[in-house]
Amino acid sequence: MSRAIAVLALVAAVADVDPMVRGVLLRYLKFSAAELPDLQRGRTVKHNLDARSPGEFGVAGATRVHASKTRFLVAARDIVRFKSDPSVFEIGRFNDPPVLQDLATLTVDKEDFDAASCRLHDCGIRLPASMILRAQREIDVNAPNAQEQAAAWFKQALLADVTAYVTGSPGRFEQYDDGSSPIRPLEEFTAVLDNMPAIEALVPGLRDHLARFPRDRVAGAEDFLYWSKEKFGVAPFISVTHVTIVCPSGRICVMTTKDMYSSRYIDASLALAIASDAGDAGETFDLVYANRSRANALRGGLSGLRRSIVERRARSALDESLKSIKIRLEKPQ
């Protein structure tokens, strides 16, 4: 009898959480029976997601925002302002199609790309073997303007990779050979995507949209890419992120952020944000966020210790991010 009463209490407590979203939270994102009532009470909740393979880690969390989800989507599209944070040194959005001018404000210093010390299986950033060998031929590391050459070369290489991605043409970076073991980002991403079934449950076809982009696109989906240079570890990293926004119903909108390229640290990363109306007024919504990432540094010896540190930092960062978004969106316009 006590179990039945507890179940009825839970159902009553979360009645204003969208039923589809509630099912995804409980089944796929592993929210507990206690977290959903906490969400309704206005508390920010977060927890780790189980690691499905060596090197993988994940977090999920949610908060209730007293603003319209439309306001959230408008803010997210203005990605430069939306991601404004002391840890984000530089950021810019790519045009469609991408052009070199999109990277004009990106600075590439020696700590970002040191062409003189970049060798096959020993390079400071993620590059395929063919590109590492090209860099050795095309950049005069003894010239007075060596770093200017390196910066220009890297931007051209990054633009070519992005262009190949958005057009589906040959030339994507399919393997990185900067370390002792090759990293295959496309395979790593597919594995991460397989471990995020919530995406397909919310929007049928979105899995293929992300896996095969630009083919098999979901009707009504909005896509854009941005680059950023962010603080992390001993040196910053430069990344390109693919954002997809789609609203499967009037009450629910879904946003995914897919790591297309990272110059360091991350082998693959995929984040899911769900904005769903809470109640019928349309002026309050639940914001749910989940992320799975893979990092080569979390494999091998001491991986358990490293993962616990990374997971703790990821939970803290998620908590801060959700609270910051809530405060920003709830400010009077």
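This passage describes the side-chain contacts of one predicted protein model. Because the model is predicted, local features need pLDDT of at least 70 and side-chain atom pairs count only at pLDDT 80 or more, while totals for chains, interfaces and linings use all residues. Residues are numbered from 1 along each chain as its sequence is written, and side-chain values use heavy atoms, with hydrogens and water left out.

Salt bridges were examined at the outset. Side chains of opposite charge can pair when their charged atoms come close. A salt bridge is defined here as a side-chain nitrogen of Lys or Arg within 4 Å of a carboxyl oxygen of Asp or Glu. By this rule, the structure holds 25 salt bridges.

One of these salt bridges links Asp50 to Arg292. Their closest N and O atoms are 3.3 Å apart. Asp50 lies in the loop between β1 (45-49) and β2 (56-65), and Arg292 lies in strand β8 (residues 285-294), so the pair ties together parts that are 242 residues apart in sequence. Helices (H or I, at least four residues) and strands (E, at least two) are DSSP runs, numbered from the N terminus. The two partners were also assigned a burial class. Buried means under 20% relative accessible area, exposed means over 50%, and partly exposed lies in between (1.4 Å probe, protein chains only). Asp50 is partly exposed, at 37%. Arg292 is buried, with a relative accessible area of 1%.

A salt bridge also joins Lys323 and Asp319, with an N to O distance of 3.1 Å. Both residues sit in helix α11 (residues 303-330). They are 4 residues apart, so about one helical turn separates them. Lys323 is partly exposed, with a relative accessible area of 40%. Asp319 is buried, at 12%. Salt bridges can also share partners. In this way Asp50, Glu56, Glu188, Arg292 and Arg294 are joined into one network.

Arg207 and Asp208 form a further salt bridge. Here the closest N and O atoms are 3.8 Å apart. Arg207 is partly exposed, at 24% relative accessibility. Asp208 is partly exposed too, at 27%.

Disulfides were considered next. A disulfide is a covalent bond between the sulfur atoms of two cysteines. The rule applied was a pair of cysteine sulfur atoms within 2.5 Å. A search of the whole structure finds 2 disulfides. With bonded cysteines counted along the chain, the pattern is 1-2, 3-4.

Cys118 is bonded to Cys123, with an S to S distance of 2.0 Å. The angle about this S-S bond is -100°, and the link is left-handed. Both Cys118 and Cys123 are buried. The other disulfide joins Cys247 and Cys253, whose sulfur atoms are also 2.0 Å apart. The angle about the S-S bond of Cys247 and Cys253 is 100°, and that link is right-handed. Cys247 is partly exposed, with a relative accessible area of 40%. Cys253 is buried, at 6%.

Aromatic rings were treated last. A pair of aromatic rings is described by the distance of the centres and the angle of the planes. Rings of Phe, Tyr and Trp (its six-membered ring) pair if their centres lie within 6.5 Å; planes under 30 degrees apart count as stacked, over 60 as edge-to-face and the rest as tilted. The count comes to 10 aromatic pairs.

One of them is formed by Tyr176 and Tyr261. Their ring centres are 6.0 Å apart and their planes stand at 80°, so the pair is edge-to-face. Tyr176 lies in the loop between α7 (146-167) and α8 (185-194), and Tyr261 in strand β6 (residues 252-262), so the pair ties together parts that are 85 residues apart in sequence. Both Tyr176 and Tyr261 are buried.

Phe232 and Phe237 form an edge-to-face pair, at 6.0 Å centre to centre and 80° between the planes. Phe232 is partly exposed, at 44% relative accessibility. Phe237 is buried, at 11%. Elsewhere, Phe72, Phe82 and Phe285 form one aromatic cluster.

Charged side chains also sit over rings. The rule requires NZ of Lys or CZ of Arg within 6 Å of the ring centre and within 35 degrees of the ring normal. Arg93 lies over the face of Phe224, at 3.9 Å from the ring centre. The charged end of Lys258 is placed over the ring of Phe189, 4.5 Å from its centre.
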